[in-house]
Each structure stands twice: as structure tokens, then as C-alpha cells.
Amino acid sequence: MTTSDVDTGVPGVLRLAEGLRAHTAAFARALEDADPTTRVPTCPEWRVRDLVGHIGQAHRWAAELVRSREPGTVPDPRDAEPGPREGWSGWLLEGAEDLITAVEVAGADTAVWTVLGHRPAAFWLRRMLNDTSVHLADATLLRGAEFAIAPDLAADAIREGLEILSAPGLDAFRPDLAVLSGWGETIVLRAEGRSGGWRITRTPDGVRWERLTADGDTGEGAVVDGDVAMRGSVRDLLLVFTRRVSVDESAVTVTGDRRILDHWLANTVF
């Protein structure tokens, strides 16, 4: 698969590992000379040190979940100790390798505990890659740099976000997300190029979604429209979808009932 000819399916394990290494390294470079006490505008409750601590801590936590196959309590990033700034890069890269190795040793298809029930070990490789990708955006935006992500990885970050938001049993873990239910309102995300898009439907039973082809349909020939549609590059859609950039500050275009999109964005947190 090339990054210009994108299938919005889940990347393979090797691609996930490659992406995790690359995005962890880019994250480390973005913050290598940052003031540890600086507040992160897109994560206003965190300082730079907390953001770094979260990434290194989360990778190691996920690795231990894979090794033990036992439940674990979600750690507080403020409890992480990334050490002095000059050692951040090595510490971060070690955490990413720890997770990659844990999945390789356990086997990508081995069932392990996750917050959404037992899933294949590769779940954590994908989850940590996508989490790192979003926090790479935090780091680059903080430094005024350009956020770069391959279209296939940006598409999968959106797809995984939708999978989580529509997962059975999510209300027990995140009851606050019940507000995303609705009465059939639809939100379409249309990506430029070969990335296709997604249609989100807000039902009384929760969030539902489907993939759209690059031509904007579901594969059955009928063009699918929504009550509101957001169009742009898959990178720009990801930045808005994860609330790293506001709609008005982004390069996306919106048509339809903006109130539906605004309510969605106001009530989702990544």
C-alpha cells in the first residue's frame, strides 16, 4: 500500500509498528528543546512535561497489558516520570519499542484485555499509534510547525475513533458520551483523493458509522449525503475530528446544518 493510494481499512501490524516508531520519533523531535512547564494549548490541562510523560507511560502501560493479558488501571500522566529533558527522546523511543516487542512476542492475534473487552494484542499497537499521532499534532501545533501524517494513518485514526465511539459497552466506560446519541442526524466526512470518507449516524441507541468510497458512496452506486458534511484532506479532517484545530481555523469546508457538527465536536474528546 502506498500513502497516496489509500485503503481506509486497518493497517497491518508492520505498518502500525512503522508508524509508531516514526510518530514517536517526530514527537520527540518536536519537543526536544521545549520548556517542560509550558501549557499545551490543545490539551490545556497538561504541561509539555505531562504530554511527554503520557506518551512514554502509555506505551509502557500497553506493553505490560499485552505481556500480562490482565486488566490494568488507566494511569495518570501526571504520575509519569520522563526524566530530564535531554533524555526524553531515548525514553520515548524505548517505550515505543517495548510495545512493539511485546506484541511481536505475544502474537498480534493473541487476545488481551482492553478497555473495550478482550481484543487481539495488535489493538494496543493501533491504539497507541493513533494516540501518539494525535499528540504529535499537539506537539507540532505548540511549536508552530507543520503536522505531517500519511493519509492511510490519518484515515485509520478517524476510523478507529469512530469504532470506539460506536463500540458496544462504551457507555459503561464513558457515560458522558451518551449525549452523542440522536434521532437519525447524519454527519459526512469527505476526504480528498483516495481516502474516501465516512458517514456518521446519531441514533437513539448510539453512534453508527459506515465507510464511503472515494466516489462518495457506500459501494452500491448511490451518492450518500448527510445533514452536514465536512470536506477536506484526510489530515485536515483528522485535526478537526480530534478537535486539534477548530472548523473556522481549518482548511475544511462545511455544508449543511452546522449546528449538528458543532454539537458533535463539542461533546467528543480524543
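I looked up the surface first. The accessible surface of the protein chain is about 12,200 Å², by the Shrake-Rupley method with a 1.4 Å probe. Carbon and sulfur atoms hold 51% of this surface.

I noted the basis of the values. This is a predicted model, where local features need pLDDT of at least 70, side-chain atom pairs count only at pLDDT 80 or more, and totals for chains, interfaces and linings use all residues. Residues are numbered from 1 along each chain as its sequence is written, and side-chain values use heavy atoms, with hydrogens and water left out.

Next, burial. I found 50% of the 270 residues of the protein chain buried (under 20% relative accessible area, 1.4 Å probe, protein chains only).

Then the fold. I count eight helices and nine strands, taken as DSSP runs (helices H or I, at least four residues; strands E, at least two). The radius of gyration of the protein chain is 18 Å, close to the 18 Å of the globule rule for 270 residues, so the chain is as compact as a globular protein of that length. The radius is taken over C-alpha atoms, and the rule is 2.2 Å times the number of residues to the power 0.38.

The axes of α5 (residues 151-165) and α7 (residues 234-241) come within 8 Å and cross at roughly 35 degrees. The axes are lines fitted to C-alpha atoms over the stretch in contact, with angles from 0 to 180 degrees between N-to-C directions. In contact (heavy atoms within 4.5 Å), I list Ala154, Ile158 and Leu162 among the α5 residues, and Leu237, Leu238 and Phe241 among those of α7.
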